Amino acid sequence: MKRVYIANWKMQMTEATVKSYLTKIKKLGDNRDEIILAPSFTYLPLVKKSLMKSKIKLAAQDVAAWEKGAFTGEVSASMLKEQGVTHVLIGHSERRFYLHEDDTLIASKIEQAMKSNLTPIFCIGESLEEKRQGKRDSILSRQIRVGLSRLSDYLDKKIILAYEPVWAIGTGEIVTPFDMDDASRIIKRSFINLFSEDYFHQQVKVVYGGSVKSDNVATLKEREDLAGFLVGGASLDPVEFAKIIKA
Ligand code: PGA
């Protein structure tokens, strides 16, 4: 099964570490899987230039919820497009938490990405507290319903849905088969209710993120319902990231 592997570098790199990373990663583009790197905005041109002849794709870690205008500090979807970006992370739990991004803002970001032909990597997930309280279903359903409330004009385009339980991000704790089954069921049902089964099967790729490493990814790769992985910490080391892909 051809899978997608997304490296979310977060705010962890320097120009020097990016340059050294790029010298080690180019060959990964020859892989049959789809590889996407998500550097910080400032490194996008550098990564783009270095990967020109490679099949590795470029994602941004965020996008503005508006098309153009007086929005200090924001970066629009069309600006990202100019830099060779093909994908964009939207709704990551760190942005929901630290920057108070809500589902409505996320819906506008997804709409902007779609308008500019950027594929959203739409992140959802419940917190530990919400999981303990048995709220996974209501949280994920709401995140999908509101987050995708502006999608109806763009059903001809692909979207990546990243299930990232907040309790698994950066904690070393990986999703259990039980939790993944449950999340998969909720995600599929939500998409079918909102759109259609055909849409879900043809346009949506569900990936998992949260403490993915080379020594725990093999069992997750046995799952037919996972089209790939969103990797944070372990993607910062190009050798480890390559191991995850090959595992
Ligand atoms: P992690 O992060 O792999 O370090 O848990 C994943 C993410 O935040 O996308």
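Which residues in α5 meet which residues in α7?

## Helix α5 against helix α7

This is a predicted model. On the α5 side the residues are D103, T104, I106, A107 and I110. On the α7 side they are R142, Q143, V146 and G147. By class, this contact holds four nonpolar, three polar and two charged residues.

Helix α5 covers residues 103-115. Its axis and that of α7 come within 8 Å. They cross at roughly 45°. Angles from 65 to 115 degrees count as roughly perpendicular and those under 35 as roughly parallel. The α5 and α7 pair is therefore oblique. The crossing is right-handed.

## Helix α7 against helix α8

Helix α7 spans residues 136-147, and helix α8 spans residues 177-194. The two pack at an angle of about 40°. Their axes are 10 Å apart. That angle makes α7 oblique to α8. Here α7 passes α8 in a right-handed crossing.

From α7, the contact draws on R136, D137, L140, S141, I144 and R145. From α8, it draws on D179, D182, A183, R185, I186, I187, R189, S190, F191 and L194. How do these residues divide by class? Seven are nonpolar, two are polar and seven are charged.

## Two contacts of α7

Toward α5 it presents R142, Q143, V146 and G147. Toward α8 it presents R136, D137, L140, S141, I144 and R145.

## Ligand surroundings

How many residues surround the ligand? There are 13. The closest are K10, H92, E164, G170 and S211.

An oxygen atom of the ligand sits 2.6 Å from a polar backbone atom of G170. For S211, the distance from a polar backbone atom to a ligand oxygen is 2.7 Å. At G232, a polar backbone atom is 2.9 Å from an oxygen atom of the ligand.

Key:
Residues are numbered from 1 along each chain as its sequence is written. This is a predicted model: local features need pLDDT of at least 70, side-chain atom pairs count only at pLDDT 80 or more; totals for chains, interfaces and linings use all residues. Side-chain values use heavy atoms; hydrogens and water are left out. Axes are lines fitted to C-alpha atoms, for helices over the stretch in contact, and angles run from 0 to 180 degrees between N-to-C directions. Helices (H or I, at least four residues) and strands (E, at least two) are DSSP runs, numbered from the N terminus. Angles under 35 degrees count as roughly parallel, over 145 as roughly antiparallel, 65 to 115 as roughly perpendicular and the rest as oblique. A crossing is left-handed if the near helix is turned anticlockwise from the far one by less than a right angle, and right-handed if clockwise. Contact means heavy atoms within 4.5 Å. Ala, Val, Leu, Ile, Met, Phe, Trp, Tyr, Cys and Pro count as nonpolar, Asp, Glu, Lys and Arg as charged, and the others, Gly among them, as polar. A residue is near a molecule or strand if one of its heavy atoms lies within 4 Å of it. A polar contact is a pair of N or O atoms within 3.5 Å; within protein, one must be able to donate a hydrogen and the other to accept it, and residues adjacent in sequence count only if both atoms are side-chain atoms.
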